[in-house]
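This report concerns the structure shown below.

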Amino acid sequence: MKPSKYNYIVPFGEKHVFFNGITQAFFMVSNDHKDAYQTILANPDDNESEFQAFIEKMKVQGFILDDETDEIDMVKKKYHALRCPEQYFLMVLPTYQCNLRCWYCIQNHEDLYMSDETFARVKKLIERKVSDDSVKDFHLSWFGGEPLMEYDKVLELTRFSQNLCNKIGKTFSSAITTNGTLLNPERIEELRDAGVVYYQMSRNPRWGRWRKRDSYQCLLQRCQMRRRMHRRKEIGTMCVAHILWREYSVYGLKNIVGIQYPDNILP
């Protein structure tokens, strides 16, 4: 046996409180007996024969554990259960590479791509997690780099996840963060049918053919394209476009969202 790593002793007037951070169990003892209780908890094997009933109670309350108990795993499970009950979120980066170099991006864009072996392992992970009876909803998100540089993997894994969730009765949704340059009508339709319901698009490159006004025009065109196609299918999706505050970006955006900006809104 071993004491929990999450046992805390807190002075409280003329007493001390023994508290376990995982189970949130606690008990109070007088200051005179504090050292004796602390010694028993710190050395349960040495004191089991003399204080068996007390040690058994401490095991139930989490102050004492079996040697093979993994408290870190217990903390992880408790955290995930409290943070997102019945939901499983997975973010996949199929590549660190990108076809743009936006000035605000902190990534080095290493020439790294997800291997077929890793891709297969991700599928197995999804199967295991989604098959868990405690999981009701699965959300798959794509990030990079520019994830659409590995479009085939993005589409295959998204379809795989959607089909798996449909088969076993779980809710599925997917999102993607992209600069949008590699989107076209065919891809937008394929991603929509696979369950992609959220797009986050941003772009402000510092070199290459995508510069300033042309870059914004391309971004706005992709947003318009996605909006028209999803409206025809009557599927609820969201597209968030991250732009810098410029005259051509603001007045271009109004063509998508239908907002009329007053003449004095620009600096």
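## Helix α7

Helix α7 is followed by G195, which has a positive phi, near 110 degrees; helices are DSSP runs of H or I with at least four residues, strands are runs of E with at least two, and both are numbered from the N terminus. The model is predicted, with local features requiring pLDDT of at least 70 and side-chain atom pairs pLDDT 80 or more, while totals for chains, interfaces and linings use all residues. Residues are numbered from 1 along each chain as its sequence is written, and side-chain values use heavy atoms, without hydrogens and water.

At the start of α7, a side-chain oxygen of N184 comes within 3.1 Å of the backbone nitrogen of E186. In α7 (residues 185–194), I188, L191, R192 and A194 are buried (under 20% relative accessible area, 1.4 Å probe, protein chains only). These residues cover an arc of only 165 degrees around the axis, so they are on the same side of α7; the arc is taken over directions from the helix axis to the C-beta atoms.

## Helix α1

In α1 (residues 34–42), the buried residues are K34, I40 and L41. They line one face of the helix, because they fall within an arc of 130 degrees when seen down its axis.

## Confidence

The protein has a mean pLDDT of 80, and 75% of its residues reach 70 or more; pLDDT is the predictor's confidence in each residue, from 0 to 100. Over residues 205–215 the pLDDT is below 50. Residues 256–267 also have pLDDT below 50. Where pLDDT is low, the predicted coordinates should not be read in detail.

Terms used: Buried means under 20% relative accessible area, exposed over 50%, partly exposed in between (1.4 Å probe, protein chains only). A polar contact is a pair of N or O atoms within 3.5 Å; within protein, one must be able to donate a hydrogen and the other to accept it, and residues adjacent in sequence count only if both atoms are side-chain atoms. Contact means heavy atoms within 4.5 Å.
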